[in-house]
Amino acid sequence: MRGKLRIAVIGCGWAGERHVRALKELSSRGKIIALVDTDKTFLQEKAKKWGVSECYTDYRDVLSRED
């Protein structure tokens with residue numbers, strides 16, 4: 001693999017948390033670069049807990065990133 005897969009998790013509820021856990025176990029293959037959730041307060045809490053700095057409340061914003 002040339003570089004790590006850059007991943008955005010859309011939705012920080014039950015399923016999102018399980019995705020984050022699984023992705024952290026596979027840290028050699030990918031890195032979570034962003035989280036998306038419509039509840040800004042909940043999103044910020046999860047970002048702090050999971051150590052993710054980029055947060056979005058609209059999934060289209062993260063999908064429009066160049067990287």
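Strands S1 and S2 pair in the parallel sense over six bridges, where two strands count as paired if DSSP finds at least two bridges between them. The model is a predicted one, in which local features need pLDDT of at least 70 and side-chain atom pairs count only at pLDDT 80 or more, while totals for chains, interfaces and linings use all residues. Residues are numbered from 1 along each chain as its sequence is written, and side-chain values use heavy atoms, with hydrogens and water left out. Helices (H or I, at least four residues) and strands (E, at least two) are DSSP runs, numbered from the N terminus.

Contact means heavy atoms within 4.5 Å. Six of the seven residues of S2 are buried, so S2 is largely enclosed by the rest of the structure; buried means under 20% relative accessible area, exposed over 50%, and partly exposed in between (1.4 Å probe, protein chains only).

Helix H2 spans residues 40-50, and its buried residues are Leu43, Lys46, Ala47 and Trp50. Seen down the axis of H2, these residues fall within an arc of 105 degrees, so they line one face of the helix; the arc is that of the directions from the helix axis to the C-beta atoms. An α-helix has 3.6 residues a turn, so residues three or four places apart point the same way. Thr41, Lys48 and Lys49, on the other side of H2, are exposed. The cover over the buried residues of H2 includes helix H1 (14-25), strand S2 (30-36) and strand S3 (54-56). At the start of H2, a side-chain oxygen of aspartate 39 lies within 3.2 Å of the backbone nitrogen of threonine 41.

Lysine 46 of H2 counts as buried at 12% relative accessibility. Its side chain makes a polar contact with the side chain of glutamate 17 (3.2 Å). A polar contact is a pair of N or O atoms within 3.5 Å; within protein, one must be able to donate a hydrogen and the other to accept it, and residues adjacent in sequence count only if both atoms are side-chain atoms. Not counting residues up to four places away in sequence, lysine 46 touches Cys12, Glu17 and Leu35.

With a disulfide taken as a pair of cysteine sulfur atoms within 2.5 Å, the count is zero. The sulfur of cysteine 12 is 7.4 Å from the closest cysteine sulfur, in cysteine 55, which is too far for a bond. Cysteine 12 counts as buried at 1% relative accessibility, whereas cysteine 55 is partly exposed, with a relative accessible area of 30%.
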